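Please keep the sequence and the coordinates at hand while reading.

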Amino acid sequence: MQQTPSDSSYLWDEELQPTNHIFNGAKCVLQMLEEQGVEVIFGYPGGAVLPLYDALRESSIRHVLPRHEQGGVHAADAYARASGKVGVCLATSGPGAANLVTGIANAYMDSIPLIAITGQVTTPLLGSDCFQEVDITGITMPVTKHSYLVKNVNDLPRIMREAFYIAGTGRPGPVLIDIPRDVQAAQLPQPDPADKDKAVSIKSYRYFGKGNAGQIEEAVKALQASQKPIVYAGGGIITSGAGAVLTQLIDTLNLPIVTTLMGIGSIATDHPNCLGMVGMHGTATANFAVTDCDLLLAVGVRFDDRVTSGLHHHFATHATIVHVDIDPAEIGKVIVPDIPIVGDARLVLEEILSGLQSVHVSESASPSSTLPSQTENCKQTLTSLEPRIPNHEPRTWWDTIRAWQQDHPLRYEPSERLNPQQVLEAMVKIGGSDAIVTTDVGQHQMWAAQFYRVRYPRHFITSAGLGTMGFGLPAAIGAQLACPDKTVFLVTGDGSLQMTIQELATTRQNDLPIKIILMNNGVLGMVRQLQKYLNDERFNQIQLQANPDFVKVAEAYGIRGMRVEKPAEMEPAIRAALAENGPFLVDCLISPDEVVLPMVPPGKAIHEMLLGG
Amino acid sequence: MLHTLAVLVENNPGVLARVSGLFARRAYNIYSLTVCQTENPDLSLMTIVVEGDTQVIQQVTKQLHKLVVVHKVTNLSNESIVDRELALVRVKVRTETRMEVLQIVDIFRGRVVDLGRSSLSIEVTGDGEKIDAFVRSMRPFGILELVRTGRIAIVRSES
């Protein structure tokens, strides 16, 4: 297609008119964001989003400027994880949009509700390879739940509302909205704010709520018949807000529970029934228990290869598997369950609890009494249910489990040098029970998953599915903005931190009091560990030789910091970090020889761990 | 085993890319894909022939359902159906072979759609096996060009 100069100059002319009085696409976007209750967006301006940034000046929405679009999208992602709301990020066309891709994929893998708005070149220039044009809907197709390229400004209100609906319902995920600059500038009738309460209707999109009653009954029966049950809980628990009902179920039947990395916080990690994380770097007890159990109640999980070691034929082979997930495509994708239940984790668990109740009520002396309402009478009825689980022999199973725990606890050898585990123990001891921890990706992430105590859902924020180094610092920014009154720790490594270290400026600019706990070993520790075990110590390209002095780097950004080398200095350092009003960096020097154990080597079943020691 | 899926989708640009992209990245094997408009101008129908066991086909179906642009997925292999493909074949003919070719075309209920001095273009419709058989029987005469559509299918009405 030939573009004459007059075409594009015409478009510029139109945009350069005083536009304050007209209602255009950009203002519509802002109105829709406000309507959805968006308080913060993370964006980076550019030529193709000029109208949006012009409209933003008059909006109540807080705009946070990262130093790279990847920082913006990760922050929006973590904002969603910490708040439970939909996160929103904004970037210009071309490189701006392309820089979002990793973050969008990250949100997609962990099922995080996210709206990514990108500017696009003007519609007449679409497809002409013009300046800062990329086909971002095409590039992100495999990593978005849905995407839109808005060609007609009159579609904007519908698309914005649909996007939030799709991102936030069912199995959440990222939705990208690509808006050409001329569409942002084009006039449209202002949408009626009253329409916001109208239900979005997308014929071809539906999601599941309650589980099938018959299947739930089967699950209840299986739970009651089981001698060696275990619950395997994942991110779906946190997404659906099922933490409380899960804990209730665990307490009621005295069930042991393991979590995935995404499931950390679905139950307090120091709950006596919580055996810790399962899988590649899970606890020995969790891995043994899953291997040995006769009933696996899998809720909001997807049997990821980091959990099953990719050997699903050796995973929980003796167990009746109940799989609860809101996404029907996850059921039977990796493991074909005996009792599949498609539905929202919270609703299904509530129904399972109520199913257990009704068994009790129907067999008790008061058959005529109506079923107690779940929320009101649950505790009472369920407490009285406890002695009545005839086939369940908790003692035997629990004895076995406790013996495993005694024989194979998570441990480390204290030495004169600072151990990474001691860093986390000091955080647990001093940081309070309500702190949010965000992590980067690598050894420090696994140590944090193993040794940090997470008491509540949405308090452990980590890049699980994609394993994105560089997620941590922007994630801490997003979490701190979502929860301004909470302590936010970032546990990071010297490799990961340097992938998005520029966001120290965003931290400082917004006075975010993030406490950065840097585990600095001068190497890419996780890769080093893999090369140690799998390549017979043929180390290659894992030395970070020209590392900067991170305390000085922080200082250069106006952030105070200190270095810790000895175990005894760790607790005072955490105290100093917490005493600081603003952000603070603790540079913890640890040995490059530290390894994350247990570890399930590739090709081994999860009970065949390297335990060390 | 081959399965025939009827996939009702939005009639929008980019929908084909979403569907074919899904097949590509999840490594499902498409044998044929036919897209057409439907009675409803907002919807298109994709007839997709895909290879896989029951579990694979279940996954394909579920993954297709997850696409917001997909309205309905029907596995026609579970139904009693009539399915058709169409082929256009240009065959080399000489004076002495012309009659034999025309007889075979007649047996397959094909039609001659173009007549040249040394070639015939023939249209044949039928299920895949019939088209295969026709192509096989034309091969000795010399196939100059062959184009064939993917499969389309319709559910038989209840008798």
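This is a predicted model: local features need pLDDT of at least 70, side-chain atom pairs count only at pLDDT 80 or more; totals for chains, interfaces and linings use all residues.

**Domains of chain B**

Eight residues of domain 1 of chain B are in contact with seven residues of domain 2 of chain B. On the domain 1 side of this contact, β1, β2 and β3 of chain B each supply at least two residues, and β2(B) gives the most, with three residues. By class, the residues on that side of domain 1 of chain B divide into four nonpolar, four polar and no charged.

- The domain assignment of chain B places domain 1 at residues 2-78 and domain 2 at residues 82-155.
- The C-alpha centres of domain 1 of chain B and domain 2 of chain B are 29 Å apart.

**Overall make-up of chain B**

- Chain B contains four helices and nine strands, which follow one another from the N terminus in the order β-α-β-β-α-β-β-α-β-β-α-β-β.
- The C-alpha trace of chain B spans about 60 × 35 × 30 Å along its principal axes.
- Of the 159 residues in chain B, 24% are buried.
- When contacts in chain B between residues at least 6 apart in sequence are considered, 73% of them join residues at least 24 apart.

**Strand pairing around β5 of chain B**

- Strand β5 (residues 81-92) of chain B is joined by eight bridges to strand β7 (residues 119-126) of chain B, the two running antiparallel, and B:Leu86 stands opposite B:Thr125 in β7(B).
- β5(B) is also joined by five bridges to strand β8 (residues 143-148) of chain B, again in the antiparallel sense, with B:Val147 in β8(B) as the bridge partner of B:Leu88.
- Four bridges connect β5(B) with strand β9 (residues 152-155) of chain B in an antiparallel pairing, where B:Ile81 stands opposite B:Val155.

**Contact between the chains**

- Chain A brings 14 residues into contact with 16 residues of chain B.
- The chain A side of that contact has seven nonpolar, five polar and two charged residues.

**Domains of chain A**

- Chain A is divided into domain 1 (5-197), domain 2 (213-407) and domain 3 (420-589).
- The contact between domain 2 and domain 3 of chain A takes 13 residues from each of them, and on the domain 2 side these divide into six nonpolar, six polar and one charged.

**An open sheet in chain A**

- Six strands of chain A form an open sheet with parallel pairing, in the order β14-β13-β15-β16-β18-β17.
- Because β14 (460-461) and β17 (560-564) of chain A stand at the edges with a single partner strand each, one side of each is left without a neighbour in the sheet.
- The partner of β17(A) is strand β18 (residues 584-589) of chain A, which runs parallel to β17(A) and is joined to it by five bridges; A:Arg563 stands opposite A:Asp587 in β18(A).
- Helix α20 (residues 472-482) of chain A packs on this sheet, where it touches β13 (436-439), β14 and β15 (488-493) of chain A, and the direction of α20 makes about 175° with that of β15(A).

**Buried helix and nonpolar cores**

- Helix α13 (residues 284-292) of chain A is largely enclosed by the rest of the structure, because seven of its nine residues are buried; these are A:Ala284, A:Thr285, A:Ala286, A:Asn287, A:Phe288, A:Ala289 and A:Val290.
- The largest nonpolar core has 198 residues, and those with the most contacts inside it are A:Ile115, A:Tyr232, A:Val290 and A:Leu296.
- Leaving aside residues up to four places away in sequence, A:Val290 touches A:Ile230, A:Tyr232, A:Val258, A:Val278, A:Leu296, A:Ala316 and A:Ile606.
- Another core, of 12 residues, lies apart from the largest one and includes B:Ala87, B:Val101, B:Val105 and B:Ile131.

Key:
Residues are numbered from 1 along each chain as its sequence is written. Chains are lettered from A and ligands numbered from 1 in the order in which they are written. Two residues are in contact if their C-beta atoms, placed from the backbone, lie within 7 Å. Ala, Val, Leu, Ile, Met, Phe, Trp, Tyr, Cys and Pro count as nonpolar, Asp, Glu, Lys and Arg as charged, and the others, Gly among them, as polar. Domain bounds come from an automatic or database domain assignment. A residue is buried if 20 or more other C-beta atoms lie within 10 Å of its own, exposed if 12 or fewer, and partly exposed in between; C-beta atoms are placed from the backbone. A nonpolar core is a set of buried Ala, Val, Leu, Ile, Met, Phe, Trp, Tyr and Cys residues joined through C-beta atoms within 7 Å. Two strands pair if DSSP finds at least two bridges between them. Axes are lines fitted to C-alpha atoms, for helices over the stretch in contact, and angles run from 0 to 180 degrees between N-to-C directions.
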